[in-house]
Amino acid sequence: MTEHAHLPLPDYDHVTVGALPAAIAPLGADEVQQLLDYEREHAHRLPVTTVLERRIERLRSGAAPMTARP
């Protein structure tokens, strides 16, 4: 089992920064936080952490996850 297999977005390591907002749109705040934690422990790419942090903020401010994955 690979280290990222436990992530809520199994192909996370292959998602481009441009595709990331759509890929995480169906996820809840806890799931996005998992991705952020993983990102910070591994690549720690600033553009990626920024996208994830902003999504968490929106979700915690009342935004709802999409109901279906793209």
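Gln33 lies in helix H2 of this predicted model, where helices are DSSP runs of H or I with at least four residues, numbered from the N terminus. The side chains of Gln33 and Asp37 are joined by a polar contact of 2.8 Å. A polar contact is a pair of N or O atoms within 3.5 Å; within protein, one atom must be able to donate a hydrogen and the other to accept it, and residues adjacent in sequence count only if both atoms are side-chain atoms. With neighbours within four places in sequence left aside, Gln33 is in contact (heavy atoms within 4.5 Å) with Ile56 and Arg60.

Residues are numbered from 1 along each chain as its sequence is written, and side-chain values use heavy atoms, with hydrogens and water left out. In this predicted model, local features need pLDDT of at least 70 and side-chain atom pairs count only at pLDDT 80 or more, whereas totals for chains, interfaces and linings use all residues.

One aromatic pair is found in a search of the whole structure. The ring centres of Tyr12 and Tyr38 are 5.8 Å apart and the ring planes stand at 85°, so the pair is edge-to-face. Under the criteria applied, rings of Phe, Tyr and Trp (its six-membered ring) pair if their centres lie within 6.5 Å; planes under 30 degrees apart count as stacked, over 60 as edge-to-face and the rest as tilted. The pair links distant parts of the chain, with Tyr12 in the segment before helix H1 (20–24) and Tyr38 in helix H2 (residues 29–41), 26 residues apart. The C-alpha atoms of Tyr12 and Tyr38 are separated by 9.9 Å.

Both tyrosines of the pair, Tyr12 and Tyr38, are buried, a class defined by under 20% relative accessible area, with exposed meaning over 50% and partly exposed in between (1.4 Å probe, protein chains only). Tyr12 counts as buried because its relative accessibility is 1%. Not counting residues up to four places away in sequence, Tyr12 touches Leu7, Leu20, Leu35, Tyr38, Glu39, Arg45, Val48 and Leu52. Pro8 is also placed in the segment before H1 and, at 14% relative accessibility, counts as buried. Between Pro8 and Gly28, 20 residues apart in sequence, the C-alpha to C-alpha distance is 9.7 Å.

The structure holds one cavity of 30 Å³ or more. On a 1 Å grid over the protein atoms alone, a cavity is a set of points where a 1.4 Å probe fits but cannot get out, and lining residues have an atom within 4 Å of a point. Grid points are joined across faces, edges and corners, and a volume is the space filled by probe spheres set on the points. The largest cavity has a volume of about 30 Å³ and is lined by Tyr12, Val15, Thr16, Val17, Leu20, Arg45 and Val48. This lining divides into five nonpolar residues, one polar and one charged.

His42 and His44 are placed in the loop between H2 and helix H3 (46–60). His42 is partly exposed, with a relative accessible area of 38%, and its side chain reaches the backbone oxygen of Tyr38 at 2.7 Å. His42 and Val17, 25 residues apart in sequence, are 15 Å apart in space, C-alpha to C-alpha. His44 is partly exposed at 48% relative accessible area. Phi of His44 is near 50°, a positive value in a residue other than glycine.

Conventions
Helix = DSSP H or I, 4+ residues; strand = E, 2+ residues; numbered from the N terminus. 1 Å grid on protein atoms, 1.4 Å probe; cavity = no way out; pocket = protein on both sides within 12 Å on 5 of 7 lines; lining within 4 Å. Nonpolar A, V, L, I, M, F, W, Y, C, P; charged D, E, K, R; others polar.
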